[in-house]
Amino acid sequence: MSEPEHVLVVGAGLGGLRTVEGLRRAGYEGRIGLVGTEEPPAYDRPPLSKQYLAGEWDRDRIDLAAGDHLETLGVRTHFGRSAVSLRAGADGNEVELDDGSTLHADAVVLAVGVAARRLAEQPESVHLLRTVDDATGLRKALANASSLLVVGAGFIGAEVASTAVKGGLAVTVLEADGVPMARVLGPEVGALAGRLISAGGADLRCGVSVSSLTASGATLSDGTSVEADVTVVGVGACLELDWLASTGLDLSGGIVCDEHGRVEGLDGVWAVGDAAAWTDPRYGDRIRHEHWTSATDQAAAVAADIAGADPPPESVPYFWSDQFGMKIQLIGRPDLADGLLALHGEGFADGADTGGEIKGTTIGYLRGDELVAVVGFGAARRVARYRKPLAERATRDAVLEFRDSLT
Ligand SMILES: Cc1cc2nc3c(=O)[nH]c(=O)nc-3n(C[C@H](O)[C@H](O)[C@H](O)COP(=O)(O)OP(=O)(O)OC[C@H]3O[C@@H](n4cnc5c(N)ncnc54)[C@H](O)[C@@H]3O)c2cc1C
């Protein structure tokens, strides 16, 4: 493919910003346009449930493109504007914006992220957390509150709970599943994550769902109710891709891409970040990661692909979460696993939570005999060491030998 004259990036969050930066780094000298629904400056989301929510960091500290960064890169911005349709064709692509204007580009990168999922009949006074405006609203509400109800014990819910406990609030966390984070970590490791939440000082109630939400709390499926000054819903994210319906693509599982991020079925269109379901070159399936590092890695790969530069080295999926004084880190693909292997620490043995110290606990995920993921609780150095056996698709015995070689 010859180098395009105009690359248009839709979505000015992490993936979009890293794509425009990557294009220039890869030597691309043509025109770049960047469309973003949100008003500038673009910002980073992980601190929204952590330092920014706690009031420890201000807005400047989370900027992704401070000052004249985008001007310096020669990027034409269309902020405060949403893309409302895409027409991809052999003669180039057209993106229509919500002000009725149309932008033409020979390469389009979709970096549109996801939205926070609402509960049915969720009152306006109940908070969500996806944008900096959401975080600012929640931060103000928490400053005047003494109790918080968190609906959903996923990573974001647990981080908000942790921040609020640290701020002195009485926090109740509701989880419909039997344990928190089961969808990502599996039920056994999820039980350990649940213990971290309870030991951290939040009142975690699992296996209950919300029947109704009010401005002052919730009524639960077991007939009980919880009162709180502030309620936040953290029940995952949803795709907002209706504006791409005219492309005829099946978007139900995200924007389907090959292993280079090229959108399957559309010439000259790539996708990165939370909305993109890339082909995993190792396992051949498609997977959508809602991980900061995936958006960054994919942006670098797409920028190189468009600019005709050498691709970056293959990366292993990585996610972290900071909660209750501990960093949880996950590398690899736990969704593929059918077995667990306790590696280090005292919190986990024989496939179950032991009740022992959580810090330092490191667990491997196996698919058959092959290591496919590793999770660590307060075990950053250890987890990093397992990148190599993961990349090498080490067997159970090789992993145990590797573990024993670590000091
Ligand atoms: C509160 C919070 C905490 C997090 N913490 C962690 C963490 O600790 N570790 C971790 O690995 N990950 C974390 N994440 C996830 C991480 O932030 C995301 O994976 C990352 O932001 C994804 O980047 P993205 O570019 O795909 O999407 P986003 O950063 O969401 O950016 C997408 C942008 O596209 C815009 N957009 C959408 N539709 C259109 C349209 N039609 N036209 C124009 N613009 C559009 C959106 O408004 C948005 O600004 C967290 C996320 C949140 C919300």
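**A walk through a predicted model**

Hi everyone, let's start with two helices: the axes of α1 (residues 14-25) and α8 (residues 292-307) come within 8 Å of each other and cross at roughly 35°. Here an axis is a line fitted to C-alpha atoms, for helices over the stretch in contact, and angles run from 0 to 180 degrees between N-to-C directions. Helices (H or I, at least four residues) and strands (E, at least two) are DSSP runs, numbered from the N terminus.

Before going on, please note that this is a predicted model, where local features need pLDDT of at least 70, side-chain atom pairs count only at pLDDT 80 or more, and totals for chains, interfaces and linings use all residues. Residues are numbered from 1 along each chain as its sequence is written, and side-chain values use heavy atoms, with hydrogens and water left out.

Back to our pair. Which residues of α1 and α8 meet? On the α1 side they are Leu-14, Gly-15, Arg-18, Thr-19, Gly-22 and Leu-23, and on the α8 side Trp-292, Ala-295, Thr-296, Ala-299, Ala-303 and Ile-306; contact means heavy atoms within 4.5 Å. Seven of these contact residues are nonpolar, four polar and one charged, with Gly counted as polar.

Now the ligand. It is surrounded by 34 residues, and the closest are Gly-15, Glu-38, Lys-50, Arg-130 and Asp-274; a residue is near if one of its heavy atoms lies within 4 Å. A polar side-chain atom of Arg-45 is 2.9 Å from a ligand oxygen atom. Backbone atoms take part too: a polar one of Leu-14 lies 3.5 Å from an oxygen atom of the ligand, and an N or O of His-291 is 3.5 Å from a ligand oxygen atom. Such polar contacts are pairs of N or O atoms within 3.5 Å.

Two spots in the backbone deserve a look. Pro-40 and Pro-41 are joined by a cis peptide bond, with omega about -5°, and Pro-41 sits in the loop between β2 (31-36) and α2 (51-54). Met-181, which is not a glycine, has a positive phi near 55°; its loop runs between β10 (170-175) and α6 (182-185).

Finally, the UniProt record, an unreviewed entry, lists "domain: FAD/NAD(P)-binding" at residues 6-299; its annotations may be inferred rather than shown by experiment. That span is 23% helix and 28% strand. UniProt also lists "domain: Reductase C-terminal" at residues 318-398, where the chain is 17% helix and 46% strand.

Notes. Polar contact = N/O pair within 3.5 Å; in protein donor to acceptor, adjacent residues only side chain to side chain.
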